[in-house]
Amino acid sequence: MDEDDVLDLLREVEDPDLGDDIVSLGLVNDVEFDGDESVHISLALGAPYSPNETAIANEVRAVLGDEGLEVSLSARVDDDIPADEQVFPNVENVIAVASGKGGVGKSTVAVNLAAGLSELGARVGLFDADIYGPNVPRMVDADEPPQATKDETLVPPEQYGMKLMSMAFLVGEDDPVIWRGPMVHKVLTQLWEDVEWGDLDYMVIDLPPGTGDTQLTLLQTVPVTGAVIVTTPQDVALDDARKGLEMFGKHDTPVLGIAENMASFRCPDCGGQHDIFGSGGGQRFAEEHDMPLVGSIPLDPDVRTGGDEGEPIVLDDDSETGEAFREMAANVANNAGIVRRRR
């Protein structure tokens with residue numbers, strides 16, 4: 001068996017998202033034999049632990065294994081950014097979580113997205129870029145500050161398998177941050193570049209609401225894989241979500257999907273469903289703009305409890321709302337993989 005034989009076998013493996021086999025799509029970087037029965041395959045897969053890319057890898061092993069080959073796999077998607085110009089050189093995917101307005105649960109979505117990706121097995125960083133209202137440390141029960149090295153870089157603390165950074169670690173608990181735009185730009189740039197993040201599969205960045213200085217700094221300096229836009233079903237939130245969508249469009253940043261938060265409330269007494277913020281607004285918004293709906297999250301008091309007590313509900317295996325967040329994390333990872341593979 002030679003390389004052409006292996007490629008013929010790999011033409012049996014379909015990409016479930018792009019609609020063709022992985023050879024025709026150019027997703028096979030390299031085929032290397034080590035003896036007669038061992039082969040190494042390098043695949044152009046860019047979203048580690050995403051369910052669909054995991055399925056592709058498993059299918060490759062199965063197809064070649066059926067022919068008696070011992071298979072080892074690696075994944076690599078090359079980009080066009082020189083190594084010395086990369087802000088996060090060891091981060092595979094940067095995912096921005098944004099909203100057009102406050103009060104829609106954006107930080108809750110960001111925290112549960114990051115924790116959900118970590119639960120999948122990925123190496124995850126969670127960056128709280130909401131300079132004026134940093135809440136992430138409380139929401140993951142992290143009060144250990146970052147440690148400084150002799151080289152004046154910061155080692156981020158870890159919680160639930162995630163590396164964390166937030167302005168809340170660097171200012172007093174009750175101290176307001178009263179900065180103009182240039183100071184915000186400077187501090188964010190330093191935190192991105194002077195933190196020892198290590199090797200990460202995903203960096204989740206919790207942006208402040210709106211379309212201001214922090215968002216511009218991110219989009220102008222960081223190669224963002226894609227964004228998740230958080231909204232509630234009500235029209236007022238959807239009006240502002242459109243502004244966020246336009247912002248990412250103007251900077252040629254893919255939107256991985258719409259996350260509809262506070263979608264419905266199940267009464268614990270009567271069991272009835274109540275659409276407190278309306279119904280189906282996120283789905284209609286996603287369809288109107290030809291975007292996927294990555295998740296519809298119920299309005300659940302346990303989400304608030306988990307946020308206040310530092311226990312993300314996505315980690316609760318017995319919670320229906322936790323399952324909704326886990327599905328959202330899987331969908332976001334899958335869509336990040338689509339973006340990377342299309343490149």
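Helices here are DSSP runs of H or I with at least four residues, strands are runs of E with at least two, and both are numbered from the N terminus. The model is predicted, so local features need pLDDT of at least 70 and side-chain atom pairs count only at pLDDT 80 or more, while totals for chains, interfaces and linings use all residues. Residues are numbered from 1 along each chain as its sequence is written, and side-chain values use heavy atoms, with hydrogens and water left out.

**Exercise 1. Find where Asp-300 sits and what its side chain reaches.**

Step 1: look in the loop between β15 and α9 (301-309), which is the place of Asp-300.
Step 2: check burial. Asp-300 has 18% relative accessibility and counts as buried (under 20% relative accessible area; exposed is over 50%, partly exposed in between, with a 1.4 Å probe and protein chains only).
Step 3: follow the side chain, which gets to the backbone nitrogen of Asp-302 at 2.9 Å. That is a polar contact, meaning a pair of N or O atoms within 3.5 Å; within protein, one must be able to donate a hydrogen and the other to accept it, and residues adjacent in sequence count only if both atoms are side-chain atoms.
Step 4: list contacts (heavy atoms within 4.5 Å). Setting aside residues up to four places away in sequence, Asp-300 touches Ile-313 and Thr-321.

**Exercise 2. Work out the sheet order and what happens at its edges.**

Step 1: write the order down. Eight strands make an open, mixed sheet that goes β8-β9-β5-β10-β4-β11-β12-β15. Strands pair if DSSP finds at least two bridges between them.
Step 2: go to the edges. β8 (158-159) and β15 (293-296) each have a single partner strand, so one side of each has no neighbour in the sheet.

**Exercise 3. Take β11 apart: which strands flank it, and is it buried or exposed?**

Step 1: on the β4 side, four bridges join β4 (residues 91-98) to β11 (residues 226-231), and the two run parallel. Ala-96 has Ala-227 as its bridge partner, and Ala-98 has Ile-229.
Step 2: on the β12 side, five bridges join β11 to β12, again parallel; Val-230 has Ala-259 as its bridge partner.
Step 3: recall that side chains in a regular strand alternate between the two faces of the sheet.
Step 4: check both faces. Gly-226, Val-228 and Val-230 are buried on one side, and Ala-227, Ile-229 and Thr-231 are buried on the other.
Step 5: conclude. Six of the six residues of β11 are buried, so the rest of the structure largely encloses this strand.

**Exercise 4. Describe how α3 and α10 cross.**

Step 1: get the geometry. The axes of α3 (residues 106-120) and α10 come within 8 Å and cross at roughly 75°. Axes are lines fitted to C-alpha atoms, for helices over the stretch in contact, with angles from 0 to 180 degrees between N-to-C directions.
Step 2: classify. α3 is therefore roughly perpendicular to α10 (65 to 115 degrees; under 35 is roughly parallel, over 145 roughly antiparallel, the rest oblique).
Step 3: name the residues that meet, including Leu-113 and Leu-117 from α3, and Phe-325 and Met-328 from α10.
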